Amino acid sequence: MEVGKAGINCRAHLKYVISGVFLDRSSQTHKPRRPHEAPIFEGSRMGARFADRAASGIPSGQSSPGTSDGVQSLLGTCAMFHSKPGPFPGIVDIYGVGSGLLEQRASLLAGKGFAVMALAYHNYEDLPKGLEILHLDYFEEAVNYLLDHPQVKGPGVGLLGSSKGGELCLSMASFLKGITASVIINGSVAIVGGALHYKDEMLPPLGIDPSRIRLTKDGLRDILHVLNSPLEGADQKSFIPVERAESAFLFLVGQDDRNWKSEFFANEASKCLQAHGREKPQIICYPGTGHYIEPPYFPMCRASLHVFVGGPVIWGGEPRAHAMAQVDAWKQLQTFFHKHLVEKS
């Protein structure tokens with residue numbers, strides 16, 4: 001067993017935790033905690049260990065605050081079981097709105113042989129609370145940090161994003177260099193909620209019509225039809241220019257997603273890529289599966305507060321089908337990353 005150390009000399013502005021085995025980049029380091037004090041992620045026990053730690057109130061990761069140019073950053077580590085040293089293929093992991101900094105998926109994926117950066121982009125410490133404007137330069141810094149890290153295997157990195165995080169990963173793959181493989185879980189092919197800026201370009205958010213909100217018999221809001229189509233009128237300016245991407249893509253789609261039309265978005269991204277001579281992306285659709293496709297054995301989230309809506313919304317999904325989809329999706333994304341980040345490197 002090799003336990004990584006956490007370096008504290010992080011770049012300014014970024015808010016993240018990296019899960020993996022790393023060598024120190026500065027003289028400031030942590031001593032690894034004992035097994036009962038730090039999470040151990042190994043095979044099928046990972047989800048259970050995480051659930052046990054969450055229930056007991058034990059911190060989920062060994063993270064340490066650091067400063068760089070006066071801005072606080074985070075760099076964490078977890079135990080990994082490998083018979084050989086790095087470098088390891090790198091992945092940036094991004095969740096949806098209202099998430100802050102979530103580490104569970106990154107930690108679990110790190111146990112499969114990847115160096116994973118869980119990246120926060122709003123509603124965390126001194127990051128913006130809202131999403132009216134996002135600058136892609138921030139995400140570019142995260143990609144470059146991984147590409148430059150001596151324990152990250154190049155020549156490119158992977159992206160893993162769900163919901164708003166999927167939309168951001170699709171944008172990163174379209175505008176940024178060094179992206180080899182991207183997994184989009186129920187993401188949008190257009191900008192939603194706030195404008196996206198990168199250098200001298202700006203993509204406005206899709207228009208919305210709140211009158212399209214419907215109430216379920218339980219009093220929950222169904223927002224599936226609220227967004228305008230990115231194929232019509234002025235809303236075409238919100239369509240992410242995926243034809244620029246050099247990344248391979250895997251779209252994981254819940255066919256009962258009630259947040260937005262994920263299957264439609266994935267198909268439109270595929271059409272755009274192929275129309276411009278790009279590789280046809282892989283699209284896997286899961287019947288009876290809702291919006292939040294998490295790692296295996298995480299409970300299905302049927303409904304919760306939506307940051308943009310300001311009230312509880314239904315996310316879709318039938319428990320058994322959703323659970324089975326999570327098991328398969330977890331296998332599929334690992335296979336995809338191994339193919340494009342390991343075998344082709």
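A: Helices (H or I, at least four residues) and strands (E, at least two) are DSSP runs, numbered from the N terminus. This is a predicted model, where local features need pLDDT of at least 70, side-chain atom pairs count only at pLDDT 80 or more, and totals for chains, interfaces and linings use all residues. Residues are numbered from 1 along each chain as its sequence is written, and side-chain values use heavy atoms, leaving out hydrogens and water.

Q: Okay, which residues of H5 are buried?
A: Ser-262, Phe-265, Ala-266, Glu-268, Ala-269, Ser-270, Cys-272 and Leu-273.

Q: And what do they pack against?
A: Strand S15 (248–254) and strand S16 (282–286), with contact meaning heavy atoms within 4.5 Å.

Q: What follows H5?
A: Gly-277, with a positive phi near 80°.

Q: Switching to S9: why is it called largely enclosed?
A: Because eight of the eleven residues of S9 (residues 152–162) are buried.

Q: Which way does S6 run relative to S9, parallel or antiparallel?
A: Parallel, with six bridges joining S6 (residues 88–94) to S9; strands pair if DSSP finds at least two bridges between them. Ile-94 has Gly-161 in S9 as its bridge partner.

Q: What about S10?
A: S10 (residues 179–185) also pairs with S9 in the parallel sense, over six bridges. There, Gly-158 stands opposite Ala-181.

Technical notes:
Buried means under 20% relative accessible area, exposed over 50%, partly exposed in between (1.4 Å probe, protein chains only).
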